[in-house]
Amino acid sequence: MVGITAYDSLLQEYESWWQDGGYAISDAVDRSRTPWLRMFDTAGVRVDEILYSPEYWRMLKKGYGLGVVWRAFKDESLLPSLFLIYITSFYDCGLSCPYTVSLSTALPISKYGSPEIKDRFLPHLLREDDRAWQGATWMTEIKGGSDLGANVETVAVPDGAAWRLTGGKYFASNAGAELAVVAARPKGAPLGVRGLALFVLPRRRQDGQLNYTIRRLKDKIATRSVPLVKSNCAKVKPTSWEGPRTVSTSSWRF
Ligand SMILES: Cc1cc2nc3c(=O)[nH]c(=O)nc-3n(C[C@H](O)[C@H](O)[C@H](O)COP(=O)(O)OP(=O)(O)OC[C@H]3O[C@@H](n4cnc5c(N)ncnc54)[C@H](O)[C@@H]3O)c2cc1C
């Protein structure tokens with residue numbers, strides 16, 4: 001068990017970074033513009049990219065680089081992540097969202113993932129440089145979020161080595177992350193929460209194709225004045241080309 005003193009110098013470095021310039025960036029980014037969704041590239045190809053300012057990425061990557069995700073695994077303790085997220089909350093509470101959901105993606109993969117899933121995805125999430133993948137946790141659907149057993153209608157069917165998920169997610173924070181953990185019901189599984197399963201959903205398939213599509217970013221009112229919450233908690237509803245409530249995915253069950 002490690003205590004806060006084990007992280008004194010790390011936390012001081014992080015806090016100084018915010019005071020020496022990070023907080024000013026947060027202030028500026030908050031006043032510039034909300035993130036926006038680019039659905040098509042100039043050739044008309046569907047890309048579904050969420051665009052942020054470069055300064056936003058600078059802030060975001062600072063926490064990942066210092067270890068908001070990877071240190072939990074290296075030190076086998078959640079304390080460094082929780083300390084870093086605690087400090088983040090004083091300067092830009094919106095950033096706590098992507099950090100938390102990225103951690104909440106890596107942890108279940110490490111706990112429940114098959115060796116193949118771990119080998120394939122964990123090294124990307126646990127990179128110690130500024131190229132770490134981000135994660136997301138998508139459970140809620142349009143019928144509601146409290147009772148997932150009653151409200152998740154996304155269905156999973158085996159498709160070769162992977163699973164095909166058909167459905168739509170609502171309130172999907174950190175959209176644009178490279179990887180999401182998604183709740184769905186394998187076809188034929190019992191009703192209720194015990195029939196649900198978790199799947200790993202990469203943003204892109206191995207051939208580079210988009211693995212899900214984004215219908216829109218949600219407009220928000222209540223959190224617009226909070227620095228970057230709107231940036232970090234972008235909301236999407238994935239759908240397919242064919243019509244609403246369908247997402248064609250290639251995903252892997254835990
Ligand atoms: C900023 C933000 C970010 C979010 N990001 C994500 C995300 O990344 N991924 C994700 O999956 N979801 C996300 N959500 C959705 C969140 O998980 C849901 O809002 C939450 O689970 C509640 O669901 P709901 O809003 O549909 O409310 P409901 O489930 O409709 O509940 C409405 C009200 O009824 C109450 N209630 C519900 N059921 C019962 C019951 N059986 N008994 C008594 N009271 C009950 C609730 O307490 C609540 O007060 C996000 C939400 C917000 C606001």
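Two strands pair if DSSP finds at least two bridges between them. Helices (H or I, at least four residues) and strands (E, at least two) are themselves DSSP runs, numbered from the N terminus. By these criteria, strand S4 (residues 155-159) is joined to S5 by 5 bridges, and the two run antiparallel.

The model is predicted: local features need pLDDT of at least 70, side-chain atom pairs count only at pLDDT 80 or more, and totals for chains, interfaces and linings use all residues. Residues are numbered from 1 along each chain as its sequence is written.

The protein chain has 8 helices and 10 strands. Of its 254 residues, 39% count as buried; a residue is buried if 20 or more other C-beta atoms lie within 10 Å of its own, exposed if 12 or fewer, and partly exposed in between, with C-beta atoms placed from the backbone. Contacts are assigned where the C-beta atoms of two residues, placed from the backbone, lie within 7 Å. Among contacts in the protein chain between residues at least 6 apart in sequence, 68% join residues at least 24 apart.

Aspartate 159 has alanine 162 of S5 as its bridge partner. In a regular strand the side chains alternate between the two faces of the sheet. Strand S5 (residues 162-166) has Trp163 and Leu165 on a covered face, whereas Ala162, Arg164 and Thr166 form an uncovered one.

S4 and S6 run parallel and are joined by 2 bridges, with alanine 156 bridged to proline 186 in S6. Strand S3 (residues 135-138) also runs parallel to S6, through 4 bridges, and here glycine 135 stands opposite leucine 179. S7, by contrast, runs antiparallel to S6 and is joined to it by 6 bridges; alanine 184 stands opposite alanine 197 in S7. Strand S6 (residues 179-186) is mostly covered, 7 of its 8 residues being buried.

In soluble globular proteins, nonpolar side chains tend to be buried together. A nonpolar core is here a set of buried Ala, Val, Leu, Ile, Met, Phe, Trp, Tyr and Cys residues joined through C-beta atoms within 7 Å. The largest such core has 44 residues, and Val69, Ala180, Val182 and Phe199 have the most contacts inside it. Leaving aside its neighbours within four places in sequence, alanine 180 is in contact with Gly135, Ala136, Thr137, Trp138 and Leu201. Phenylalanine 199 belongs to strand S7 (residues 197-202). This residue counts as buried because 21 other C-beta atoms lie within 10 Å. The C-alpha atoms of phenylalanine 199 and alanine 180 are separated by 8.1 Å, although the two residues are 19 apart along the chain.

The expected span of a helix is 1.5 Å times one less than its number of residues. For the 17 residues of helix H5 (residues 96-112) this gives 24 Å, and the end C-alpha atoms are 24 Å apart, which agrees. Buried residues of H5 include Pro98, Tyr99, Val101, Leu103 and Ile109. Helix H2 (residues 54-66), with 13 residues, should span 18 Å, and its end C-alpha atoms are 19 Å apart, which agrees. Its buried residues are Tyr56, Met59, Leu60, Lys62, Gly63 and Tyr64. Just after H2, glycine 67 takes a positive phi of about 110 degrees.

Positive phi values also occur at residues other than glycine. Glutamate 76 has a positive phi of about 50 degrees and lies in the loop between helix H3 (70-74) and helix H4 (79-91). Glutamate 76 counts as exposed because it has 9 C-beta neighbours inside 10 Å. Phenylalanine 171, in the loop between S5 and S6, has a positive phi of about 60 degrees. With 15 C-beta neighbours inside 10 Å, phenylalanine 171 counts as partly exposed.

Of the 13 residues around the ligand, Thr140, Gly145, Ser146, Phe171 and Ser173 come nearest; a residue is near a molecule or strand if its C-beta atom, placed from the backbone, lies within 6 Å of it. The shell divides into 6 nonpolar, 6 polar and 1 charged residues, where Ala, Val, Leu, Ile, Met, Phe, Trp, Tyr, Cys and Pro count as nonpolar, Asp, Glu, Lys and Arg as charged, and the others, Gly among them, as polar.
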